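Please go through the structure below alongside the text.

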Amino acid sequence: MMGKTKLAYISIVGKPNAGKSTLINLLVGEKVSIVADKPQTTRQRILGVLTLEDAQFIFLDTPGWFPPKHLLGEYMQKTIKKTIEDSDIVLYVIDSSVELDDDNRTLLKFVKDQGKPYLVLLNKIDMVSSKSIEERKKEVIALGVSEEKIIEISALYGTNKELLIEKLKEIAPEGEFLYPPDMLTDQTDKFFIAEIIREKIIHLTYQEVPHSVAVYVDDIEEKKDGNLLYIRATIIVERPTQKAIIIGKDGQMLKKIGTLARMEIESYYQKQVYLDLWVKVREKWRKKPEILRELGYE
Ligand SMILES: Nc1nc2c(ncn2[C@@H]2O[C@H](COP(=O)(O)OP(=O)(O)OP(=O)(O)O)[C@@H](O)[C@H]2O)c(=O)[nH]1
């Protein structure tokens with residue numbers, strides 16, 4: 001691969017009906033499936049991954065979107081805050097076919113206050129006269145957003161998709177890809193569970209284990225008439241020293257990772273979970289097709 005690659009977690013926020021899902025579909029493709037029948041979780045779920053030649057964007061769901069009257073609710077603020085904290089870039093989607101209201105303004109201020117790089121997307125421009133778009137734009141600028149942060153788009157028709165992607169590339173930090181390019185535009189349970197485990201590793205081992213640690217869920221089996229999920233997962237690191245850190249003294253670290261991950265998976269699926277974790281060393285695994293295949297990345 002030529003030059004440095006970029007990697008960014010991106011959260012998409014906005015009022016209901018702003019066009020967030022349409023935007024995700026536009027960027028990541030129609031294949032993104034959202035596991036809608038699962039109970040709410042406060043955890044950030046990944047909606048999809050867009051892999052380009054030189055950048056990888058991981059889009060995060062905004063959990064627990066409440067009706068506008070609850071916009072100032074504490075829970076709401078917490079969930080958005082958490083999502084934004086977990087991301088490198090925030091996309092704030094506004095339905096520009098309707099006038100900005102207090103909720104839009106509050107949410108915008110909230111996004112700005114989080115201090116992360118953000119873009120304001122004036123969506124649905126296909127429905128609006130250019131005069132109205134200019135008005136919205138002026139209003140957003142008056143709220144303290146610099147003009148280069150505002151992009152007019154139509155998520156439905158794909159207008160300015162490339163422009164948006166270019167802007168994202170500009171803002172995104174440098175980083176190596178976390179996922180094999182051909183993996184997932186699909187959200188699967190395996191992937192979701194792997195992300196929970198990976199998150200625990202990163203949190204518990206701090207900087208000692210690089211973000212390049214990979215987790216692959218080998219198997220999920222329903223047992224006891226579906227009341228128990230048996231999950232076998234493999235943690236892949238690139239060096240034996242990293243394996244030692246993850247396992248910890250007398251296996252304490254791995255136990256901790258397993259317990260925290262299990263509790264979160266249990267609360268998400270509302271089922272008892274047995275989590276079987278393995279740690280493997282695979283040098284430069286991301287560059288080796290045979291290892292990728294072994295890990296299930298086709
Ligand atoms: N004309 C037009 N319609 C759009 C555009 N983007 C989204 N829509 C429509 O707006 C409606 C809401 O879009 P969604 O993508 O479901 O909005 P959302 O923000 O995900 O909504 P919630 O799931 O309620 O939070 C749908 O009917 C879309 O087809 C656009 O650019 N132009």
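Why is β8 largely enclosed by the rest of the structure? Seven of its 10 residues are buried, so β8 is largely enclosed. Buried here means that 20 or more other C-beta atoms lie within 10 Å of the residue's own; a residue with 12 or fewer is exposed, one in between is partly exposed, and C-beta atoms are placed from the backbone. Helices (H or I, at least four residues) and strands (E, at least two) are DSSP runs, numbered from the N terminus.

The model is predicted: local features need pLDDT of at least 70, and side-chain atom pairs count only at pLDDT 80 or more, while totals for chains, interfaces and linings use all residues. Residues are numbered from 1 along each chain as its sequence is written.

The protein has nine helices and nine strands. Of its 298 residues, 35% count as buried. Two residues are in contact if their C-beta atoms, placed from the backbone, lie within 7 Å. Among contacts between residues at least 6 apart in sequence, 71% join residues at least 24 apart.

Strand β8 (residues 228-237) has pairing partners in β7 and β9. Two strands pair if DSSP finds at least two bridges between them. β7 (residues 214-223) and β8 are antiparallel over nine bridges, whereas β8 and β9 run parallel and are joined by 10 bridges. On the β9 side, T234 has W278 as its bridge partner. In a regular strand the side chains alternate between the two faces of the sheet.

β7 and β8 form a hairpin with four residues between them. K224 lies in this loop and has a positive phi of about 50° although it is not a glycine. K224 counts as exposed because it has 10 C-beta neighbours inside 10 Å.

K124 also has a positive phi, near 65°, and is likewise a residue other than glycine. K124 sits in the loop between β5 (118-123) and α4 (130-142). Is K124 buried or exposed? K124 is buried, because 25 other C-beta atoms lie within 10 Å.

Strand β9 (residues 272-281) contains D276. D276 is exposed, with 12 other C-beta atoms within 10 Å. Leaving aside neighbours within four places in sequence, D276 is in contact with I231 and R232. The C-alpha atoms of D276 and R232 are 4.6 Å apart, although 44 residues separate the two in sequence.

Helix α8 (residues 252-269) includes Y269, which is partly exposed, with 18 C-beta neighbours inside 10 Å. Y269 and L228 are 41 residues apart in sequence and 9.9 Å apart from C-alpha to C-alpha.

Next come the nonpolar cores. A nonpolar core is a set of buried Ala, Val, Leu, Ile, Met, Phe, Trp, Tyr and Cys residues joined through C-beta atoms within 7 Å. The largest has 40 residues, of which I10, L91, Y92 and L121 touch the most other members. At least two residues of this core come from each of β1 (6-14), α1, β3 (55-60), α2 (74-85), β4 (89-95), α3 (102-113), β5 and α5 (161-171). β4 supplies the largest share, six residues. Beyond four places in sequence, the contacts of I10 include F57, I58, F59, L60, L91 and L168. Another core of 29 residues lies apart from this one, and among its members are Y216, I231, I245 and M253.

Helix α6 (residues 189-205) has 17 residues and reaches 24 Å from its first C-alpha to its last. That is close to the expected 24 Å, where the expected span is 1.5 Å times one less than the number of residues. Its buried residues include I193, A194, I197 and I201, together with E195, R198 and K200. Just after α6, Y206 takes a positive phi of about 50°.
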